Amino acid sequence: MLKQLFASTLIGSALLAAPFAMAADYTLKFGHLANEQHVWNQAAKHFKQQVEENSDGQIEVQIFPNEQLGNEMDTINSIQLGTADMTITGESLQNWAPLAAMMAVPYAFRDSEHLRKAVQGDVGKQIETQIEEKTGLVPLTWFERGPRELTSNRPIKSPDELSGLRLRVPNVPLFVDTWQALGAKPTPMAFSEVFTSLQQGTIDAQENPLSLIESASFNEVQDYVNMTDHVRSWIYVVIGKNKLESMPDELQQVVMDAAESMHEFEAEKFTEDQKRLEQALKDAGMEFVEVDQQAFAEKAGPAVEASLNEEQLALYEAIQNL
C-alpha cells in the first residue's frame with residue numbers, strides 16, 4: 001500500500017512538473033505570395049517569433065507562403081470574410097482604395113529616401129487611412145520593393161533609343177500609356193509568356209525588378225539591364241481590422257511592436273539582397289547600363305499625370321513637392 005501511495009505521489013509530482021502546451025488565445029493566419037527563401041517570408045518568420053515571445057504564447061502566428069491561402073486577391077477577400085488574418089499587398093488595393101494606385105506610379109519617386117519620406121509622412125497616412133476605411137485592412141508596416149528596370153538586347157541610355165522597341169508590360173493601363181509616351185511599343189502580356197516571347201523574338205524587351213529578372217532567368221534571353229528605376233514602390237503588411245480589434249490593447253501593442261521590428265529586419269535584408277541580385281546577374285553575363293533617368297522622368301510625366309484622377313493627382317503633386 002505504501003509502495004502504491006509513493007508511486008502515485010511520484011506520478012502526480014511528475015505531471016505537475018511536466019511542461020504542457022497551452023492553446024493560444026488568438027491565432028493569426030498570415031498568407032503571402034513569396035516563397036520560403038524570399039526576404040518577405042524571412043521577415044514573416046521574424047514577426048512570428050516576436051509576437052509569440054512577447055505575448056507569452058497568447059498569440060500564435062501561422063505562416064502560409066507560396067500562395068497557400070490563395071493568390072493576393074483571394075487572401076484579401078479571405079481576410080475580409082474572417083477566414084485569414086494577414087497578408088502582404090500593394091497597389092492591388094486600388095480596387096477598393098484609389099489612392100493605393102500611388103504605390104506604383106512611374107517616376108513618382110526620385111530615390112529610396114524620397115520614397116521613405118512619402119510613406120512615413122502625410123502621403124502615407126492618407127493612403128493608409130483610405131485603405132483601412134475602404135477595405136477593413138489595417139497596414140501594420142511597409143517594405144520597400146526593388147525598382148523596376150528595363151532589360152533588352154541593346155543598351156538603352158535615353159528615351160530616344162526606345163523607338164520601335166517591342167516591350168512587354170503588365171496589363172496596367174498606366175504602364176502602357178507611360179511606355180507609349182516614352183516611344184516604345186508596349187505589349188501587355190502574362191508574365192508566364194515573357195521568357196518564350198523573348199526567346200522567339202516576339203518581343204524585344206521587358207521590365208521588372210531585379211528579383212524577378214533573376215528568378216525568371218531572363219539573363220538567358222536578355223543581355224542588358226538598363227537602370228531606368230522607372231517604378232519605385234512599396235508594399236504593406238496588413239491585418240484584418242476586426243481581428244486586430246478583437247484582441248486586448250496590450251496584445252494589439254505586441255502585434256504593432258513586432259511589425260515595427262519586422263520592418264527593420266526586412267529593410268536590412270532587402271539592402272543586402274539588392275546587392276546580391278546585381279552581382280548574380282552580372283556573374284550570369286548581364287551588363288548593367290547607366291540611364292539618363294531625368295530624361296525618362298520628364299518625358300513620361302505628362303502621360304502619368306493625364307492617367308490620374310483628381311484625388312490621385314493631388315497626392316502625386318504632394319509627392320513631387322517633398
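A: In this predicted model, Thr 75 touches Gly 31, Leu 69, Gly 70, Ala 84, Met 86 and Thr 87, when residues up to four places away in sequence are left out of the count. Thr 75 itself belongs to helix 3, which covers residues 72-81. Its relative accessibility is 1%, and because buried means under 20%, Thr 75 counts as buried.

From this residue we can turn to the aromatic rings. A search of the whole structure finds four aromatic pairs. In one of them, the ring centres of Phe 191 and Phe 218 lie 5.9 Å apart and the planes stand at 75°, so this pair is edge-to-face, the term used for planes over 60 degrees apart. This pair links distant parts of the chain, since Phe 191 sits in the loop between strand 6 (185-188) and helix 7 (194-200), while Phe 218 sits in the loop between helix 8 (210-215) and strand 8 (224-240), 27 residues apart. With a relative accessible area of 35%, Phe 191 is partly exposed, whereas Phe 218, at 1% relative accessibility, counts as buried. Another pair is formed by Trp 234 and Tyr 236, whose ring centres are 6.2 Å apart and whose planes are at 90°, so this pair is also edge-to-face. Both Trp 234 and Tyr 236 are buried, and together with Phe 109 they form one aromatic cluster. A ring can also have a charge over it: Lys 282 lies over the face of Phe 288, at 5.4 Å from the ring centre.

The largest pocket holds about 1,600 Å³ of space, and among the 48 residues that line it, Trp 40, Arg 145, Arg 148, Pro 209 and Leu 212 lie nearest its centre. Several elements give two or more residues to this lining, including helix 2 (39-54), strand 4 (137-152) and helix 10 (249-283). Helix 10 supplies the largest share, six residues. By class, the lining of the largest pocket divides into 20 nonpolar, 17 polar and eleven charged residues.

The second largest pocket holds about 400 Å³ of space, and of the 17 residues that line it, Glu 128, Pro 139, Leu 140, Thr 141 and Trp 142 are the closest to its centre. Helix 4 (112-120), helix 5 (122-135), strand 4 and helix 10 each give two or more residues to its lining, with strand 4 giving the most, five residues. The lining of the second largest pocket has nine nonpolar, five polar and three charged residues.

Note on methods. Residues are numbered from 1 along each chain as its sequence is written. This is a predicted model: local features need pLDDT of at least 70, side-chain atom pairs count only at pLDDT 80 or more; totals for chains, interfaces and linings use all residues. Side-chain values use heavy atoms; hydrogens and water are left out. Rings of Phe, Tyr and Trp (its six-membered ring) pair if their centres lie within 6.5 Å; planes under 30 degrees apart count as stacked, over 60 as edge-to-face and the rest as tilted. Helices (H or I, at least four residues) and strands (E, at least two) are DSSP runs, numbered from the N terminus. Buried means under 20% relative accessible area, exposed over 50%, partly exposed in between (1.4 Å probe, protein chains only). A charge sits over a ring if NZ of Lys or CZ of Arg is within 6 Å of the ring centre and within 35 degrees of the ring normal. Contact means heavy atoms within 4.5 Å. On a 1 Å grid over the protein atoms alone, a cavity is a set of points where a 1.4 Å probe fits but cannot get out, and a pocket is an open set with protein on both sides within 12 Å along at least five of seven lines; lining residues have an atom within 4 Å of a point. Grid points are joined across faces, edges and corners, and a volume is the space filled by probe spheres set on the points. Ala, Val, Leu, Ile, Met, Phe, Trp, Tyr, Cys and Pro count as nonpolar, Asp, Glu, Lys and Arg as charged, and the others, Gly among them, as polar.
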